Number of protein chains: 2
Amino acid sequence: MVKAKKYVVTSRFKGMPKLEDFNVVEEELPPLKDGEVLVKTEWISVDPYLRTYNPHISLPYDQFGNQIGEVLESKNDNYPVGTKVVSHKGWRDYSVFNPNDSTDQLDRAYKLPDLQGLSESLGIGAVGMPGATAYFGFLEICKPKAGETVVVTGAAGAVGSIVGQIAKIKGCKVIGFAGSDDKVQWLEKDLGFDKAINYKTADVLKELKQAAPKGIDCYFDNVGGELSSIIISLMNLYGRVSVCGMISSYNSDSGQSPKGTLVQPSIVFNQLKIEGFVVARWVSEWPDAFNELVQWIKNGKLKAKEHVTEGFDRLFDAFVGMLAGDNFGKAVVKV
Amino acid sequence: MVKAKKYVVTSRFKGMPKLEDFNVVEEELPPLKDGEVLVKTEWISVDPYLRTYNPHISLPYDQFGNQIGEVLESKNDNYPVGTKVVSHKGWRDYSVFNPNDSTDQLDRAYKLPDLQGLSESLGIGAVGMPGATAYFGFLEICKPKAGETVVVTGAAGAVGSIVGQIAKIKGCKVIGFAGSDDKVQWLEKDLGFDKAINYKTADVLKELKQAAPKGIDCYFDNVGGELSSIIISLMNLYGRVSVCGMISSYNSDSGQSPKGTLVQPSIVFNQLKIEGFVVARWVSEWPDAFNELVQWIKNGKLKAKEHVTEGFDRLFDAFVGMLAGDNFGKAVVKV
């Protein structure tokens, strides 16, 4: 009989989540039924959407999220002992489940892709859901062409940092927004962004006009809010906006949507297309994207930086750190 | 030598345009050059975009706009005397121009389509630019399917009233927003809208939820602003928004874009697509649309109501009346 520890969310987050919003609980795992596996967690992902979904789920709930683990016991021939599994079982150290059961696309499990010697943690990062989000959300919705100007917000985050690098691979000019001078340095010096701007200190409109003298063709929007309104106001005819997230409103009260400058005039005059997406839409194509992402990382075209926090006990710290913007690249926890 | 009268705009509009913002000027028209025609104006269109473009054009300028006239003299074999011509020559009673010259798509001229006995004034309404706007903006961007729920704002206007009726022709459930109880009555009783709502007096969120219990699939947006934010918050997965106009901000100061509730959460969670357009995009396909619109009108599926003001001297009144929402359907001036 295996005992598992898990984080249970017991409160609606108000602003930044607090430690008291979570209970760490021990539970005995049941014996395996046919088709099930026992998985020992190795890596857990902390992502902005864990915050976003909080107001919409009945309390209490087990904190979900992507994780990677190894099969210790198996009653599933497709997942023998030793198999590495990516699942959405979240903040827990052991779990029992049937990888073939999926109540929805987000909740499904799959074998860790062949990472060709790269760190397995990338399976919840650049070669996992965040990587797929960047890949499909940017390429399928923005449909960038070489020579076009691309803007990315949340550019130093797990998704944004990959979007910007994919845009460079596709021959675009890339401008990124991030929240500190260190991140700006990192984006320009290490990741090859043509320009990065600290949105907290810059005169955004002025610097963006200088950085994008030919206007903006594609915008990958991780933040929403006033920054997005300014960026959209500088877009060119037939510009495309891929709306991935809304960090600017994650910590606001669920009942009150934030207000901002409306962008209808730009949408009409420049015939812009603005589309939101959830990456599960392309789930059948993820394996192809993972292959290409692995190749890009191996041949040095894509840097998959990780911000690693060690210890199951430090999941909460890693989560609020990520929400506060401490991470460069993908925030993961090594269990 | 023909003398022409024309309206010249001499001021930036502040809020609602004022009579003093215009000068009525007489000018002598030049003799015809090869390719040119002399046209006597019969119908002039007043449209919301005349207001919108004002802050963006150098002063003074001749008030542009669609009009229909008859060729009185011709040095163009394609446009013999008696030909009816649709042009963008605006608020003037006579004009000389070469119909083959077009500085841009908006400015081009073309022969009045065959209206099969319908009023020629429809050539600047349901079988003109407003009709094409409704036809392409709705069908090409919203791509409505039978059984879907469609919302239209500015529903009693020249474009909105046609969009709603096309949606009915396509088998959709149609909900329209308008600014008076009389308009609401007209939309429901005469045009066959399933539901119309007076946005000035209704509890919009509550009434819209009741009218659209299955959510909203398509939204044709003529207004922007807070009303649009509420509508978008009730949209279904993969909903489509066609952004045609922004009446709510037409009369605001050019330097200050209005603020409103941001809709990023809906865009992301429901994977919405929001696209703006200018109808010139489909100009090569207008003739096919005009054919279909004429058929719909002739067989009673589409009612093309017009709000006619008589007299060249009353163009200003017709314009501000339209901006104030006096018109049911298309506002036109009979010269």
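**Figure 1. The contact between chain A and chain B in the predicted model**. In this predicted model, chain A gives 26 residues to the contact and chain B gives 27 residues. On the side of chain A that touches chain B, three elements each supply at least two residues: strand 14 (259-261), helix 8 (264-269) and strand 15 (273-276). Sorted by class, this side of chain A has twelve nonpolar, ten polar and four charged residues.

**Figure 2. Strand pairing between strand 15 of chain A and strand 15 of chain B**. Strands of a sheet pair through backbone hydrogen bonds, and the pairing is either parallel or antiparallel. Here strand 15 of chain A and strand 15 (residues 273-276) of chain B are joined by three bridges, in the antiparallel sense. One residue pair to look for is A:E275 with its bridge partner B:K273, which lies in strand 15 of chain B.

**Figure 3. An open sheet of three strands in chain B**. The strand order in this sheet is 2-1-4, and the pairing is antiparallel. Strand 2 (22-28) and strand 4 (61-62) of chain B stand at the edges; each has a single partner strand, so one side of each is left without a neighbour in the sheet. Strand 1 (residues 3-9) of chain B is joined to strand 4 of chain B by two bridges, and these strands run antiparallel. B:V9 has B:Y61, in strand 4 of chain B, as its bridge partner.

**Figure 4. Domain 1 and domain 2 of chain A**. Domain 1 of chain A is made of residues 3-125 and 305-334, while domain 2 of chain A covers 129-279. Taken over C-alpha atoms, the centres of the two domains are separated by 28 Å. Where domain 1 of chain A meets domain 2 of chain A, 15 residues of domain 1 are in contact with 15 residues of domain 2. On the domain 1 side, helix 1 (48-53) and strand 17 (330-334) of chain A are the elements that give two or more residues. Helix 1 of chain A provides the largest share of that side, three residues. By class, the domain 1 side has five nonpolar, seven polar and three charged residues.

**Figure 5. B:L293 in the largest nonpolar core**. In soluble globular proteins, nonpolar side chains tend to be buried together. The largest nonpolar core in this model has 192 residues, and A:L293 and B:L293 touch the most other members. Which residues is B:L293 in contact with, leaving aside its neighbours within four places in sequence? They are B:A126, B:V127, B:G131, B:Y135 and B:L302.

Conventions
Residues are numbered from 1 along each chain as its sequence is written. Chains are lettered from A and ligands numbered from 1 in the order in which they are written. This is a predicted model: local features need pLDDT of at least 70, side-chain atom pairs count only at pLDDT 80 or more; totals for chains, interfaces and linings use all residues. Two strands pair if DSSP finds at least two bridges between them. Helices (H or I, at least four residues) and strands (E, at least two) are DSSP runs, numbered from the N terminus. Two residues are in contact if their C-beta atoms, placed from the backbone, lie within 7 Å. Ala, Val, Leu, Ile, Met, Phe, Trp, Tyr, Cys and Pro count as nonpolar, Asp, Glu, Lys and Arg as charged, and the others, Gly among them, as polar. Domain bounds come from an automatic or database domain assignment. A nonpolar core is a set of buried Ala, Val, Leu, Ile, Met, Phe, Trp, Tyr and Cys residues joined through C-beta atoms within 7 Å. A residue is buried if 20 or more other C-beta atoms lie within 10 Å of its own, exposed if 12 or fewer, and partly exposed in between; C-beta atoms are placed from the backbone.
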